[in-house]
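Let's take a tour of the contacts that connect one part of a protein chain to another. Keep the structure open beside you and look up each residue as we get to it.

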Amino acid sequence: DYETKIKSFPNCQDNKGRQCGTFWVYDLDDLEDSPLDNVDSQADFDKWENWKFNQDVDIVLFGLTEEQDYNYIYCYAEDDETDDGLRNGGLGLAPNKMQWSALPADAGSDNVHTMGTEIGTVKTLDESPPSFTMLAMQDPTAFNDRIIVTFQLNEAGTAYCRTTRTDSGETSLRLNQVLSANYFAEVTSPTQTGYITIEQLEMRDTLPLYEASQYDVYCWAKDSAVDTQAAPRPNYMTQAYLDLATASISAPLGGKTQYVWVKDMTPPTIIYVSSEALTESLIQITLQLNEPGTVWCHPAVPTSASAYAGTHMDIGDVDGGTYISYIKGRQATFKQFVHEAYRNVDVEVTQIDRDDGSAADALIKETPYNIYCFAEDDWRIEAQNSNFHSINFDIANAATPNMTVGDGNEITYAHAEDVKDAIGLVTTLDLTPPSITVVSVAAGETTITVTLRLDETGTAWCQAVRYDFNVPTVLEILDTNFFSTYTYDSATPSATTTVQILGYDRPKNDYNSYVSPLYLGTDYDVYCYADDDLCQGCKVTNGVSFSHINSTRTFIRTQDLTRPNMRYIHAESISKEEIIITLQVDEGSRVWCAAWSTPPAAITDTASAIAAIKAKESTCKDGQGKNRQCGTFWIYDLDDLEDSVRDPLADDGVNNRADYDKWENWKYNQDVDIIVYGLTEEQDYQYILCYAEDDEVVPNTMLYDSAGQPGPFNMYTMQQEIGTVQTLDESPPSFTRLALQDPTAFNDRLIVTFQLNEAGTAYCRTTRSDSGETTLRINSILSADYSQVVADSTVTGYITIDKLESRDTRVLYEASQYDVYCWAKDAAVDTQSLARPNYMVQSYVETEVGANTATPLGGKTSRVWVKDATPPTIIVVSREALAEDTIQVTLQLNEPGTIWCQIAEKDSTSAPLGTYCRAADVRDTP
């Protein structure tokens, strides 16, 4: 039954997927035998899908069991012979078949049994990846620098592991990353346990794993599978398996174990940053830890100190057995949680334990203390209370040799002593400031003297600010640096000292000694600040509060005994009857100006000068469109903001900053425009006097002294600075003579003779009288470009016009009448000698000169003849005899005129002399 069993095996096919028994292995005989085998030609035979005799044929047995030894593999063949060899039967109906015989004599290639023996045993391949049957690690780890992975596989193979910090942000590791770490171990059977020790992220790294950190561990494996020839043919765990959480130690679902703690076995290090006493009973110690934890501090009295000696904790009480409990505090506890490494934390101590531990008392001011500090990390707390734990986590594994009383690794006594020595002695402060009593304030014009006393030894500073300005800050008062020291004596508690204020402030510039001056006649508020002397061991003195500074406010007004100072800026005439004077005054004042063209005889001294100037106040006003009569407006200074508040009778209309800033108000040390008017046109005014008086109750006035005392307070000095100002010439010029020869002297030009009533320039232009132009505009006259300048009214000017415009090519026509238009501008200038000409108006240009050229009424001269100095030209058109006694000659002239003709005898010999006109008788001379 071997044939039946082999043929009935269902999972047999060639490597082209055809069921065994459905395809042929062809030989050349198949080219001509029955067409039932689908091979009728060489082309059919050569098809790639057809197996050929004596060539390899691949038969695939499938549906077998993985990794199974198959010891009995039989192959069977039968040929394609018919029943009689003559093609009388069907294809293969009488095949020759392989035999089955186990006898040695029958062994051969036609024996199924022999073939099975040759094939021997074949084992199906292992194609399944390995899986972990155990994957575990101690959490927290046994060591503070490594993770040890314990594992088993379901078959022989090699496991690889790699770790990454949980907080690294990596949510997956690729297979090549796990392999590159180079941490692995091989097991040869499912029962063997393997161990992988991970000390760095990769074996080639130099940095170890960080203690007190959580890590995610990724493990992957490959099996030790081989192929039929015993060559390695391993199967690999997939990426998906690697990324899958373990979930169970003994039956892992994947290779990823998250949140494994690397144990912290190192105590923290206290880093001393600074310490200082902040109050009379509070000391602040600024520290850092090199890892998160908790820090405690407690004061101790130096052994040599007298305060609290023998009654409170001192440095002799602290040793290796007591340091933890004493520093943590038996009654008073001062601690800070350190959440971040190397971040400053401030521990503030305010009390000290008694020796017997029964109570704690406040620190005493101006007393030195030693400070002890103790720290432990938060290792156990951090591990136990983390948000996530691995499946291996056991809090019992968190214990370390450095944990004795708490939940963290503790510093040693030696370290606590080192920190105490680094901090050194800290002395509490004296924070009680002195008290200031202002006894009196006196002022000169530019100085203020403050008399005061303090209730303890210290230094007082004072500053003056403008009345009702903001209270100065402590730094502003100190910056002015007007101070006086005070030594308190209980025997004479009412003794005083004086602070002299010599200026307003000290602006920051290249001159460190410069002080802005105080201004005379100005309201000030005086404020004072004081601090005590530096106490023993203190870093800062005690200064009075801002409210105490405010309580020292004292009003004072500097004296004003100084005449107002005037500064000349500019003066010029702005019209034919007005002169504007721009000036400045250095304080609140009223101002007057007056102008004379001749010396004012009435002015001999200050009083007469004031009277003479004020007498002309009706022709004096301010500028910029305000037009207020001099003496009715003020020039304001800052003092005017508050004077009416203190003295209602001094109300000047400026009570606040908004009033002061109004555009119509003049300000001190800024330009003020004063206009004197009603003056004579084009007149030199050599005597321009300006006067100011300030706004004091008894005004300080400028003086007049032509013999001495020059300066900005002297009206005479100002008059010399202003000098001579001439009012403007605002009248247009006019012709005092305007004449032309008519007919002209030449046959191609017009010559205009003119004089002006002042220096200026005349322009003329002509147009033919028959042109139809009844006027010429001024711009047309200017464009002709015929002009002449005259220096004054006595100079006669001449303008020669030979064309309509000087740029034309055609000259004027002779025997033609022309209208001549003349226009002029004067040579007037302004105060700065810049051209400011006045122009004749169009109507003057269009007005006829009139009957008298010596007193012309306008600039137009009509119908001027250009002389005709050229004879006409006769043009012969034709000639003919009309009769026996008549000859007609047709002629033309090139201009209007009269023609005469006379017959002359051509042959002078044909007629007696004197009988007829002969050609020889016609000559150039009569």
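## Glutamate 3 and its salt bridges

Glutamate 3 is buried, with a relative accessible area of 19%. (Buried means under 20% relative accessible area, exposed means over 50%, and partly exposed is in between, using a 1.4 Å probe and protein chains only.) The side chain of glutamate 3 meets that of lysine 97 in a salt bridge, 3.2 Å from N to O. A salt bridge here is a side-chain nitrogen of Lys or Arg within 4 Å of a carboxyl oxygen of Asp or Glu. Glutamate 3 belongs to helix α1 (residues 2-8) and lysine 97 to the loop between β5 (69-70) and α3 (112-119), so the pair ties together parts that are 94 residues apart in sequence. Helices (H or I, at least four residues) and strands (E, at least two) are DSSP runs, numbered from the N terminus. Lysine 97 itself is partly exposed, at 46%.

A quick word on where this comes from: the model is predicted, local features need pLDDT of at least 70, side-chain atom pairs count only at pLDDT 80 or more, and totals for chains, interfaces and linings use all residues. Residues are numbered from 1 along each chain as its sequence is written, and side-chain values use heavy atoms, with hydrogens and water left out.

How many salt bridges does a search of the whole structure find? It finds 34. Glu3, Lys7, Glu78 and Lys97 are linked in a network of them.

Glutamate 340 and arginine 343 also meet through their side chains, at 3.5 Å from N to O. Glutamate 340 is partly exposed at 42% relative accessible area, and arginine 343 is partly exposed at 47%. Then there's aspartate 770 with arginine 768, a salt bridge of 3.0 Å. Aspartate 770 is exposed, with a relative accessible area of 55%, while arginine 768 is partly exposed, with 25%.

## Disulfides

A disulfide is a covalent bond between the sulfur atoms of two cysteines; the cut-off used here is a pair of cysteine sulfur atoms within 2.5 Å. The whole structure has seven disulfides. One of them joins cysteine 161 to cysteine 219, with 2.0 Å from S to S. Its S-S torsion is about 110°, so this disulfide is right-handed. Cysteine 161 sits in strand β9 (residues 157-165) and cysteine 219 in strand β12, so parts 58 residues apart in sequence are tied together. Both cysteine 161 and cysteine 219 are buried.

Another disulfide pairs cysteine 620 with cysteine 630, their sulfur atoms 1.9 Å apart. Which hand does this link have? With -60° about the S-S bond, the link of cysteine 620 and cysteine 630 is left-handed. What about cysteine 75? Its closest cysteine sulfur, in cysteine 12, is 7.5 Å away, too far for a bond.

Cysteine 462 and cysteine 528 form a disulfide with sulfur atoms 2.1 Å apart. The pair links strand β25 to strand β28, across 66 residues. Cysteine 462 and cysteine 528 are both buried.

Tryptophan 461 and tyrosine 529 form a tilted aromatic pair, 5.9 Å centre to centre with 40° between the planes. (Rings of Phe, Tyr and Trp, using the six-membered ring of Trp, pair if their centres lie within 6.5 Å; planes under 30 degrees apart count as stacked, over 60 as edge-to-face and the rest as tilted.) Tryptophan 461 lies in β25 (residues 458-466) and tyrosine 529 in β28 (residues 523-532), so this pair ties together parts 68 residues apart in sequence. Tryptophan 461 is buried, at 12%, and tyrosine 529 is buried, at 7%.

## Other aromatic rings

The structure holds 23 aromatic pairs. In one of them, the rings of tryptophan 296 and phenylalanine 374 have centres 5.7 Å apart and planes at 35°, so the pair is tilted. Both tryptophan 296 and phenylalanine 374 are buried. Elsewhere, ring pairs link Tyr2, Tyr74, Tyr76 and Trp100 into a cluster.
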